[in-house]
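Please consult the structure alongside each answer.

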Amino acid sequence: MLLFYSSIQAQVIYESVPSSKFDEPRNVKIQLPRNYEANEDKNYPVILVLDGDYLFEPVAGNSDYYSYWEDMPQAIIVGVMQPNRMDDTVYDDSNYFPTDQGADFFEFLGMELLPWLNKQYRLAPFNVVVGHDATAGFANYYLMKNPPLFQAYISLSPDLAPQMSDRLTTILTQTEQQIFYYQATSTEDIPSLREEILALHQALNGIENENFHYYFDDFQDATHYSLVGRAIPSALEKVFAVYRPISKKEFTEKILKVDAPYDYLIEKYDTMQNLFGLDDKIRINDFIAIAAALERKSDWDGFENLGKLASKEYPETILGPYYLGRSYEGNGQPKKAMRTYEGALVLQEIGDINKDILVARAQQIKDDFGY
């Protein structure tokens, strides 16, 4: 029982990462996803948490919770221990780029830690970095690499270096890479930080670039430290929004407004694969949502495509034949629909679609057409 319980929980591992930059190892905490060992063919995005001494647990806990409910993909969470965080983030007073230990730390993350993680664990090609004040500001330097080391940036009340706002605006206006950028402040944040953050917000919010995805929160009555607890779940929701199952809001505001709901479904999962490197099976609830939209639009050709896809994804179930039968009914082929429903009765039920529904639809066709 203990072994089984351990295998289904997120695992936390403590590691020392060799470093030639520091001439001594750097310590990290790593949370592996539930069932990591069992899913040998699955790769996972990595969320690199700076200030791992106090940020690791809230990021790891929220990630585990949201991934459990499929609101974000399972991820490998890596907390970097920084006993001398200000030394790790120091920048030159003349050009405002990392210098001394700050330059070493910058190279350690990109040239030593991430390559080491790639050798040790199964990483998908989607990296997220999380930081708070000094480390949040420091993480922005990775946007100046080409290509950027991280695809998503969670910046919690960043302490911005001089010229950083102008540099980021220029880079993010021109980026050809998909970049997700979240930053947060609060009404009770440190005044000097808040002023710079709001100025950067105005600049980033005005960027028109389809590759740049920007999110911002300004929390009421939160302090520089308490905003972190509110920002982390909000950031994870926003950065991984495309991964979430289709919601009522997405159904109403997006799917019902497109001409081809089936194409919307394909694009949603293609985006998930391209962004996160994940080849996940299409969720049952997403099939059901798209079918509801197709029904409203009387898109029977879309139903046929959906049925073929469902038969491929869930071949042992009645899902595919049910949608195919609906397409045949809609396209004026009742006998073919009836035979499809009856032929699927040997398959497994799935979700809310059961064999009684197939029998009822087949019987209705018999009654209507005298077969």
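This is a predicted model: local features need pLDDT of at least 70, side-chain atom pairs count only at pLDDT 80 or more; totals for chains, interfaces and linings use all residues.

Q: Which helices hold Lys-366 and Glu-342, and how many residues apart are the two?
A: Lys-366 is itself partly exposed, at 28% relative accessibility. The pair links distant parts of the chain, with Lys-366 in helix H15 (residues 355–369) and Glu-342 in helix H14 (residues 334–343), and the separation is 24 residues.

Q: What is the N to O distance in the salt bridge of Glu-57 and Lys-29?
A: Side chains of opposite charge can pair when their charged atoms come close. The side chains of Glu-57 and Lys-29 form such a salt bridge, with an N to O distance of 2.7 Å.

Q: Which elements does the pair of Glu-57 and Lys-29 link?
A: The side chains of these two residues, Glu-57 and Lys-29, meet in a salt bridge. The partners are 28 residues apart, so placed that distant parts of the chain are linked: Glu-57 belongs to helix H2 and Lys-29 to strand S2.

Q: Why does the salt bridge of Asp-64 and Arg-34 tie together separate parts of the sequence, and how many residues apart are they?
A: The side chains of Asp-64 and Arg-34 meet at 2.9 Å, N to O. Asp-64 lies in helix H2, while Arg-34 lies in the loop between S2 and strand S3 (44–49), so the pair joins parts whose separation in sequence is 30 residues.

Q: What is the relative accessible area of Asp-64?
A: A residue is buried when its relative accessible area is under 20%. Asp-64 is buried because its relative accessible area is 18%.

Q: How many salt bridges does a search of the whole structure find?
A: Some residues are linked in a network of salt bridges, namely Glu-295, Arg-326, Glu-329 and Arg-361. Over the whole structure, the search gives a count of 16.

Q: Which element gives the most residues to the lining of the largest cavity?
A: The largest cavity holds about 60 Å³ of space. Its lining includes Asp-64 and Arg-34. Two or more lining residues come from each of strand S2 (26–32) and helix H2 (52–68). The element giving the most, with 3 residues, is H2.

Q: How many nonpolar, polar and charged residues are in the lining of the largest cavity?
A: Among the residues lining this cavity are Ala-10, Gln-31, Leu-32, Ser-63 and Ile-77. By class, the lining comprises 5 nonpolar, 4 polar and 2 charged residues.

Q: Which element gives the most to the lining of the largest pocket?
A: About 510 Å³ of space lies in the largest pocket. Of its 18 lining residues, Ala-241, Val-242, Glu-250, Lys-254 and Tyr-264 lie nearest the centre. Strand S8 (212–223), helix H8 (227–239), helix H9 (248–253) and helix H10 (261–276) each give two or more residues. The most, 4 residues, come from H10.

Q: How many charged residues are in the lining of the largest pocket?
A: The lining of the largest pocket consists of 18 residues. By class, 7 are nonpolar and 3 are polar, while the number of charged residues is 8.

Q: What accessible area do the residues of the nonpolar surface patch have together?
A: The patch is formed by Tyr-65, Tyr-68 and Trp-69. Trp-69 is placed in the loop between H2 and strand S4 (76–80). Together, the three patch residues have an accessible area of about 410 Å².

Q: How far apart in space are Leu-149 and Pro-191, C-alpha to C-alpha?
A: Leu-149 sits in the loop between helix H5 (134–139) and strand S6 (152–156). Leu-149 counts as buried, at 16% relative accessibility. Leu-149 and Pro-191 are separated by 42 residues in sequence, and their C-alpha to C-alpha distance is 30 Å.

Q: What percentage of the residues in the chain is buried?
A: The chain has 15 helices and 8 strands. Its C-alpha trace spans about 85 × 50 × 40 Å along the principal axes. Of the 371 residues in the chain, the buried ones make up 50%.

Definitions and conventions: Residues are numbered from 1 along each chain as its sequence is written. Side-chain values use heavy atoms; hydrogens and water are left out. On a 1 Å grid over the protein atoms alone, a cavity is a set of points where a 1.4 Å probe fits but cannot get out, and a pocket is an open set with protein on both sides within 12 Å along at least five of seven lines; lining residues have an atom within 4 Å of a point. Grid points are joined across faces, edges and corners, and a volume is the space filled by probe spheres set on the points. Ala, Val, Leu, Ile, Met, Phe, Trp, Tyr, Cys and Pro count as nonpolar, Asp, Glu, Lys and Arg as charged, and the others, Gly among them, as polar. Patches are made of residues with over 30% relative accessible area and no salt bridge: like charges are joined within 9 Å, nonpolar side chains (Val, Leu, Ile, Met, Phe, Trp, Tyr) within 5 Å. Accessible areas come from the Shrake-Rupley method with a 1.4 Å probe; for residues, only the protein chains shown count as cover. A salt bridge is a side-chain nitrogen of Lys or Arg within 4 Å of a carboxyl oxygen of Asp or Glu. Buried means under 20% relative accessible area, exposed over 50%, partly exposed in between (1.4 Å probe, protein chains only).
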